[in-house]
Amino acid sequence: MPQKNSQRTIMTLEDFNEYVRGKDIILVGNDLNALSVENGNYINEHDVVLRFGKGIPNDKTGKYIGDYTDIWVTGQLRQASVT
């Protein structure tokens with residue numbers, strides 16, 4: 001079972017596999033070029049949105065990179081800088 005860690009969930013590989021089983025998943029990187037094409041609706045249509053690094057959406061970026069984040073993958077040093 002996933003563990004809560006100050007508003008974040010830490011998943012084991014087994015937890016992750018169970019969470020995404022049978023779902024439509026999209027992986028969204030944090031390349032600034034993503035802000036040049038309006039892919040927000042396409043990204044939002046997926047069951048699970050997995051984002052990397054500082055690629056967290058805000059009010060200005062939703063139409064480009066979507067509005068939702070189900071899973072955020074980041075390093076220990078970066079997690080405090082993105083809220």
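How many of the five residues of strand 4 are buried? Select strand 4, residues 48–52: four of its five residues are buried, so the strand is largely enclosed by the rest of the structure. Buried means under 20% relative accessible area, exposed over 50%, and partly exposed in between (1.4 Å probe, protein chains only); strands (E, at least two residues) and helices (H or I, at least four) are DSSP runs numbered from the N terminus.

This is a predicted model, in which local features need pLDDT of at least 70 and side-chain atom pairs count only at pLDDT 80 or more, while totals for chains, interfaces and linings use all residues. Residues are numbered from 1 along each chain as its sequence is written, and side-chain values use heavy atoms, with hydrogens and water left out.

Then show strand 5 (71–73), which runs parallel to strand 4 and is joined to strand 4 by three bridges; in strand 5, Val-73 is the bridge partner of Phe-52. Phe-52 is partly exposed, with a relative accessible area of 33%.

Finally, select Ile-56 in the loop between strand 4 and helix 3, which counts as partly exposed at 24% relative accessibility. The C-alpha atoms of Ile-56 and Trp-72 are separated by 8.2 Å, although these residues are 16 residues apart along the chain.

Definitions and conventions:
Pairing = 2+ DSSP bridges.
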